[in-house]
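Trainee: Could you take me through one part of this model up close? Here it is.
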Amino acid sequence: MFKDKIDQYIDSQRENMLRDLTDLVAIDSTKGEALPGKPFGEGPARALEAMSALMEREGLGVTNYDNYVVTGDFGKGEKALDILAHLDVVPVSDTWTVTEPFKALVKDGKIYGRGTCDDKGPAVAALYAVKAIKDLGIELKSSLRLIFGSDEECGSSDLEYYYSKEEEAPATFTPDASYPLVNIEKARLSKSFEADAAAEPGKKDVTSFLAGSKVNVVPADACFTVTGLGLDEVKEAALKAQEKTEAVFTCSQEAGQVLVKVKGQAAHASTPGHGINAITAALTLISDLPLDETKAVNLLRGIASLYPHRDTEGTALGVAMSDETSGALTMNLGILNLKDGVLRGEFDSRAPLCATDENLTKVMRKDFASIGMKMEEGEMIPAHCVPGDSDLVKKLLESYELYFHEKGEPLAIGGGTYVHDLKHGVAFGCEIEGVDTHMHGDDEYMDIEVMVMSAKIFADAIIRICG
Ligand SMILES: [Zn+2]
């Protein structure tokens, strides 16, 4: 029944929202070196200070938690809701084309600038949702708190600090992912594995292997050297491997060895099917070459048997599993290096709710043992799940449906969000499926209509939860 009033009010605030967002974007809040009283450096502390000033302007009760987090309290009664956003940003490059990263620009219904979509724009939307309720004099039964952090991009130690001092609210949402709503974040098992693989002089052998730098990325490049085989021989096999794998192979003679470079395609580890893994493509070729059964070759072929190219669901490893609510397990072989006589790799798996250390971690450990490699100790990081039929999820989806005019189904994702460690936290907004906001990339933008509508949606959600 407040919808018309809220819509009208938020629409009237459109220019103010853009101005506040422009001011926040102007602060380079990339993580810096820790300073006394500024755990993440100058930039993040200045962003927190700027947001404190905005919240004070709106009459919220502001607290600064030692420059880790700032909060703004609104309303009376027991606290029913926290809204969580972050003001730090990822580093920028010098290849932006529309505007400079810290100089926001409005163009074609979008506002461009670092942090506009991740997460300063959504933070401003949350602030204006509260401002609308306050200025319209809408009575709430319970109070709520805005929480703005400054270390989301580098491990969320800001929240660790905050929650070491404060209790989690009965309900929390963070506008730092996608609509309709993310209620499940898969479990994660990411471990290294290794074995000795000393070179065997005089043999047809693989003498080096180098690929991958981040375990959570599907590697786009791999290179390795082979000794004891002719260039033409390797080239011929590489052509066949190229057909099989869709990766691109280039071979050259170097210092009496053949150097093979493999080009695949990068993707995030939670969606490995979207990439072409250069490591598994390289292993395909190594399996086909007429090499001797040296230590390195046997180990590499063993890994190839566990990670066949394009098997991104852990089928050969015997850990493929899925369930209806959280989908299928994904598996990424992200790093593999052979140097100084040691072969060492790392994998990253995102697992559905049905995964346990029994049916995943132990099985993987056995797999690596069976090919003579040792997997690192430790267990998986458990999944995050707020039930789809919980009050919080139902209410937020009602708000979503009111504005998007379509049924909202909660999502399960492989990545982690800002609320991963909260018992009653979900991610709600502001990205929309199929729209590429260039988040973390050049020319990041926020669709202004989406930001304005998000403020209305959050106001509606606040009334449902705290009203
Ligand atoms: Zn973010």
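Leaving aside neighbours within four places in sequence, which residues is Ala129 in contact with?

Mentor: Bear in mind that this is a predicted model: local features need pLDDT of at least 70, side-chain atom pairs count only at pLDDT 80 or more, and totals for chains, interfaces and linings use all residues. Numbering starts from 1 along each chain as its sequence is written. Setting aside those sequence neighbours, Ala129 is in contact with Ala455, Phe458, Ala459 and Ile462; contact here has C-beta atoms, placed from the backbone, within 7 Å.

Now zoom out a bit. Of the 83 residues in the largest nonpolar core, Ala129, Val426 and Ile462 touch the most other members. Such a core is a set of buried Ala, Val, Leu, Ile, Met, Phe, Trp, Tyr and Cys residues joined through C-beta atoms within 7 Å, and buried asks for 20 or more other C-beta atoms within 10 Å of a residue's own. Helix H11 (residues 448-466) gives this core its largest share, twelve residues; helices are DSSP runs of H or I, at least four residues, numbered from the N terminus. There's also a second, separate core of 55 residues, with Phe209, Leu285, Val319 and Ile335 included.

Then look at helix H4 (residues 116-135), whose axis comes within 10 Å of that of helix H2 (residues 14-25), crossing at roughly 140 degrees. Axes are lines fitted to C-alpha atoms over the stretch in contact, with angles from 0 to 180 degrees between N-to-C directions. On the H2 side the contact uses Met17, Asp20, Leu21, Leu24 and Val25, and on the H4 side Thr116, Lys120, Gly121, Val124 and Tyr128.

Notes: Helix = DSSP H or I, 4+ residues; strand = E, 2+ residues; numbered from the N terminus. Contact = placed C-beta atoms within 7 Å. Buried ≥ 20, exposed ≤ 12 C-beta atoms within 10 Å, placed from the backbone.
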